[in-house]
Amino acid sequence: MRKNVIFLMIFGMVLGGLFANAAFAQNDSPKNLQKSRNNPANYRDKDGHELIFNIKGSQDTLVYLVIHYNDKLILKDSVKPAGKEKFVFKGTNRYDDGLYSLVSGDKKLYLNFILDNNQHFEYNLDTTGMVDNFSVKNSPENAEMLRFQKKTSQASEQANAWSKKRKDFEAAGNADSANYYKEKLVGINDEMTAFIDELIAKNPDFLFSKMQKSYKNIDVPEYKNEDGTPDYHAQSIYYRQHFWDNFDLADHRFIYIPSFDPKMKDYFLKLLYHQESDTINKYIDIFLKKTEADTFMFHYCVDWLSYQFETSKVIGHDAVFYHIAKTNQLAGKCYWLDEDVLAKYQKRTKRLEPILIGKVAPELLIPDTTLTDDITKWHSSYKMEKPYTILWFYDPDCPTCKKESKKMRAVYDSLEALGKRNFDVYAIANDSDIPRWKKYVKENAYPWLQVGGNKGNLDYLEYFNIYEMGNPAMFIMNKDHVIILNKRIEMSSIPQFLEEYEKIEEAKRKRE
């Protein structure tokens with residue numbers, strides 16, 4: 001398959017659209033992140049910085065220097081004219097390495113450029129944005145970047161002209177001429193691919209070269225099944241394993257270029273997002289291992305992943321967060337965390353551990369509404385008839401609990417009528433007001449087991465983290481008392497959830 005390299009790689013033109021209504025964040029990149037002393041990218045040839053921009057035709061009273069960080073543009077500096085059409089950023093500090101933009105006072109993009117080892121150079125440009133008129137002194141990397149921008153600008157102009165001719169000939173029904181210009185477009189694509197490959201090979205350590213390499217697609221082998229059909233499963237595994245081949249994950253400078261954040265989201269929030277937690281954990285471990293040589297990169301990635309999976313609403317992602325915390329924050333790898341933050345991680349993981357999917361739920365022995373000083377009937381959550389048991393934690397005085405209980409009743413009754421009900425409900429009332437609880441149970445007459453009274457063989461509210469989760473809360477156990485669901489879902493989705501669970505389990509048995 002041919003890749004549309006031209007239209008993907010002319011970032012200098014594409015990024016211009018970001019500035020139409022740009023609002024710059026004020027230096028909100030991660031604090032306390034320290035760069036590894038062992039990282040070659042941190043070698044410096046001079047102290048401080050002196051960036052000179054000669055902008056022909058500029059009438060700006062102020063220009064901005066911004067860095068790309070995630071999906072933000074972070075304001076790093078601004079200067080007034082140092083002379084006619086001349087702007088100088090000069091100081092004793094060094095800017096972070098990354099992709100920068102020079103922006104006019106009215107938020108118009110003037111220039112994209114790289115700040116890396118050399119932060120002393122002079123750039124000549126104008127207000128038209130026509131890179132053919134630009135030049136740079138004393139910056140080999142930006143000279144290469146400018147060469148790329150000029151090449152892609154020319155290729156894009158030619159491609160647009162030939163694309164128009166092809167469409168015109170297609171509309172006129174002239175297939176031969178249309179195909180001729182189609183092949184011309186393919187030729188431009190091939191030429192640009194070769195140009196980019198040469199650029200990367202020539203200076204592989206340039207941040208700009210690494211950025212261009214990161215945009216390249218992964219070539220997946222055409223795996224086949226025994227019958228000759230495509231083996232999509234093998235292709236999928238290969239793609240997951242080699243997704244980061246074109247990224248140097250031990251180079252924190254990727255944090256400050258546009259390709260990294262979208263790739264992180266594509267990989268962890270799309271490609272892996274709905275995989276089982278064990279699979280996600282496996283690939284997170286592989287990914288983070290590659291970042292450990294650069295403490296800045298490792299810090300950023302651990303924090304990013306922790307936040308994404310701790311705040312996720314997807315079933316099973318709490319197990320991913322738990323794994324990240326246990327193998328990183330609580331394993332002594334995150335030097336930047338103070339004792340208070342570590343204590344919060346310890347508390348959070350301790351509460352999560354017993355109720356993660358795959359854990360065996362403890363047997364609950366809780367009395368029903370016959371609870372009196374003389375007579376008490378205790379019921380075991382292990383002695384239910386159906387293959388699945390729903391632990392339903394509720395408060396009789398909670399409006400949401402009342403509404404959701406009625407919805408569960410509708411599902412329960414409909415499945416019962418069809419002879420397809422495959423779950424029992426072990427409803428646990430979180431209410432110390434026994435008369436109110438008994439009144440609620442009598443008035444609603446739900447067809448499932450009702451227990452409560454804040455008595456039991458263990459502190460079930462603590463064990464199942466109800467104090468933090470709140471009411472209502474839902475857990476589903478299989479016949480072996482293993483937790484297969486630890487979040488409340490739509491009541492109407494319960495039959496589908498159990499059906500999908502059984503399909504997944506059957507697929508596992510076949511693989512084994």
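How do the residues of the lining of the largest pocket divide into nonpolar, polar and charged? Please keep in mind that the model is predicted.

Let me begin with the general idea. Rolling a probe the size of a water molecule over the atoms shows where empty space is left.

I turn now to the largest pocket. This pocket holds about 1,400 Å³ of space. Its lining is made up of 40 residues, and those closest to the pocket centre are Q275, E276, S277, I504 and K508. Two or more lining residues come from each of α6, α8, α10 (317-327), β16 (483-485) and α16 (494-511). Of the contributors, α16 gives the most, with nine residues. The opening question can now be answered: the lining of the largest pocket has 18 nonpolar, 13 polar and nine charged residues.

How many cavities of 30 Å³ or more does the count give? The count comes to one. The volume of the largest cavity is about 50 Å³.

Which residues line the largest cavity? They are R240, Q241, W244, Y267, Y283, I286, F287 and K290. In terms of elements, α6 (232-242) and α8 (277-291) each provide at least two residues of this lining. The largest share comes from α8, which gives four residues. By class, five residues of the cavity lining are nonpolar, one is polar and two are charged.

To close, I would draw your attention to two helices, α6 and α8, which each give two or more residues to the lining of the largest pocket and at least two to that of the largest cavity.

Notes
Residues are numbered from 1 along each chain as its sequence is written. This is a predicted model: local features need pLDDT of at least 70, side-chain atom pairs count only at pLDDT 80 or more; totals for chains, interfaces and linings use all residues. Side-chain values use heavy atoms; hydrogens and water are left out. On a 1 Å grid over the protein atoms alone, a cavity is a set of points where a 1.4 Å probe fits but cannot get out, and a pocket is an open set with protein on both sides within 12 Å along at least five of seven lines; lining residues have an atom within 4 Å of a point. Grid points are joined across faces, edges and corners, and a volume is the space filled by probe spheres set on the points. Ala, Val, Leu, Ile, Met, Phe, Trp, Tyr, Cys and Pro count as nonpolar, Asp, Glu, Lys and Arg as charged, and the others, Gly among them, as polar.
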